[in-house]
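Colleague: I'd like to learn how to read a structure like this one. Could you walk me through it?

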Amino acid sequence: MPGNILKKSTALCAVLMLTGCYVPMPFEKYEITAPVEPELHTMPEIECVADEMHGKEWYSEMCSQLMEFRNSCTVSERMKTKEIGNALLQMKNDYPEFFWYGRSYYATTVTDGSEINLGTPDWFDMDDLPEMYEELVSKADELIESIPDGSDYDKVLYVHDYIIEHTVYDMEAYKSNDTIISGTAYACLVDGLAVCEGYARAFQYIMNRIGIESGVCSGSNHAWNYVNIDDEYYWLDATWDDNEETPPQHTYFLFNDDMLLRTRTLNSTQPDYHKCTSTNSNYFVVNGGYFDEYNEDSVIEYIESKVDSGRCEIMFADFENYKSALYALFSDAKIRKADGVGSSELKYYRDDDMFSVDIIF
C-alpha cells in the first residue's frame, strides 16, 4: 500500500495534494510543484437517525438479538427496507464491535412482525463468532492497558497513533470493492488490515471502552470519526494520517468543519452528527506548529526546535500563507537557515488541502 496519497485519491472522489519530496542539503533553489487551492464542499442538511432509532422498541429488539452472535432476528413490527438500513447504520455506531453481517439485508413478514436477515457472511463460520469476538476484546484490552495516564487529548492521540502503527490499509479490498471484512473493528484490531471504516470503527470501539464520546460519520466514499475533547467536538481521520513512508502523521487529528469541507462532504443521513467548530485541541495548535501567517523567523525557530526529534509538522491558517511558506522554505531554500538542517538531507510531505507540511530530517 503506497501510503497516504493513494488512500486519499482512492477513498475520495477528489484527488488531494500530498507529495513527498527528497531535498539534498545544502541546495540552491529547488523547483516545487505549484500548490493548488482547494475548492470547498458544501455541508448538506444532515438527518440524524439516532433519536429515531433509540425511540423504537423494535430497534432495541434487533440489537439485543444480533449482538448474541446472530445474523438474523425477529422484531415486533413490520419493517421497510429504508428502516432496516437506518437501523443497521445506527447499530454499527452504537456497537462498533459488531462485525458479523453479510453483504445484504432484507425483511420477511411474519406473524405480528418481521424477520430481519443480514445475509450469510462468507468469510467465517457463524459457530466461530464467540471465539472471534473474544479475540477482538482481547486485542482491545491489550491496547487499552498500554494507554498511559494523561488527559483525554493524550489518550486520543495515543490510540490514533497506535491504530496507525498497527494497521495496514487494505488496498486489495478497496480495489475489489470487497470491504465487508476490512470495514470492521475486528479487521483493524485483530488482523491489522483494514479500510477506512475499519480504522474508524476500531477507534470508536476503544473510545467507547475508555469513556470518551466518539462516533463514525461518512461521505465522499469515506469514513472517519468525531470525538469529544473537553466538551468540544472535533473530526479525526486516522486513515488519512497513515502514511507508510512516515511515523503517524497528525494532519487530520482533531480538525474542524472548515478544514473538513476542503477535503470532503458528508452523506445527508448519519447515525449521529455534531458541529466541529473549535481548533483548541487541534494537534498543530496544541504543539505550537500552527501559524496564522508565514513569518520567517518564527517558522525557522519552530523548525529548529524540532530538529533533534527528527521531524517537524507545521500548518498554516490560510492558503496564501501556506503557499508563501512552501516557496520560501523549499524553492528559496530558507529552511537551511535552521540550525541542524543545513548539512543534512530531508524529506517533506505537503498537503495543499490542509495547508500543512510534514518535514522528516
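This is a predicted model: local features need pLDDT of at least 70, side-chain atom pairs count only at pLDDT 80 or more; totals for chains, interfaces and linings use all residues.

Colleague: Let's start with empty space. What is a pocket, and what is a cavity?

Modeller: Rolling a probe the size of a water molecule over the atoms shows where empty space is left. On a 1 Å grid over the protein atoms alone, a cavity is a set of points where a 1.4 Å probe fits but cannot get out; a pocket is an open set with protein on both sides within 12 Å along at least five of seven lines, and lining residues have an atom within 4 Å of a point. Grid points are joined across faces, edges and corners, and a volume is the space filled by probe spheres set on the points. Here the largest pocket holds about 880 Å³. It is lined by 33 residues, and Lys92, Tyr101, Thr179, Ile180 and Glu197 are the closest to its centre.

Colleague: Which helices and strands each supply at least two residues of that pocket's lining?

Modeller: Helix 4 (81-94), helix 9 (196-210), strand 8 (214-219) and strand 9 (222-229). Helices (H or I, at least four residues) and strands (E, at least two) are DSSP runs, numbered from the N terminus. The lining has 16 nonpolar, 12 polar and five charged residues; Ala, Val, Leu, Ile, Met, Phe, Trp, Tyr, Cys and Pro count as nonpolar, Asp, Glu, Lys and Arg as charged, and the others, Gly among them, as polar.

Colleague: How do helix 4 and helix 9 cross?

Modeller: Their axes come within 9 Å and cross at roughly 55°. Axes are lines fitted to C-alpha atoms, for helices over the stretch in contact, and angles run from 0 to 180 degrees between N-to-C directions. The two helices are therefore oblique to each other; angles under 35 degrees count as roughly parallel, over 145 as roughly antiparallel, 65 to 115 as roughly perpendicular and the rest as oblique. Lys92, Asn93 and Asp94 of helix 4 meet Glu197, Arg201, Gln204 and Asn208 of helix 9, where contact means heavy atoms within 4.5 Å. By class, that contact has no nonpolar, three polar and four charged residues.

Colleague: Why is helix 3 described as largely enclosed?

Modeller: Buried means under 20% relative accessible area, exposed over 50%, and partly exposed in between (1.4 Å probe, protein chains only). Seven of the 10 residues of helix 3 (57-66) are buried, so the rest of the structure largely encloses this helix. Among them are Trp58, Tyr59 and Met62. The buried residues of helix 3 pack against helix 2 (50-54), strand 3, helix 4 and strand 5 (113-117).

Colleague: Is Ala338 buried or exposed?

Modeller: Buried, with a relative accessible area of 2%. Ala338 lies in the loop between helix 13 (319-331) and strand 15. Leaving out residues up to four places away in sequence, Ala338 touches Ile300, Ile303 and Glu304. For contrast, take Lys80, in the loop between strand 3 (72-75) and helix 4: Lys80 is exposed at 62%.

Colleague: Last one: what should I look for in phi?

Modeller: Most residues other than glycine have a negative phi. Asp230 has a positive phi of about 55° although it is not a glycine, and Asp230 sits in the loop between strand 9 and strand 10 (232-236). Phe355 also has a positive phi, near 60°, and its place is in the loop between strand 15 (346-351) and strand 16 (356-360).

Colleague: How accessible are those two residues?

Modeller: Asp230 is exposed, with a relative accessible area of 60%, whereas Phe355 counts as buried at 5%.

Methods: Residues are numbered from 1 along each chain as its sequence is written. Side-chain values use heavy atoms; hydrogens and water are left out.
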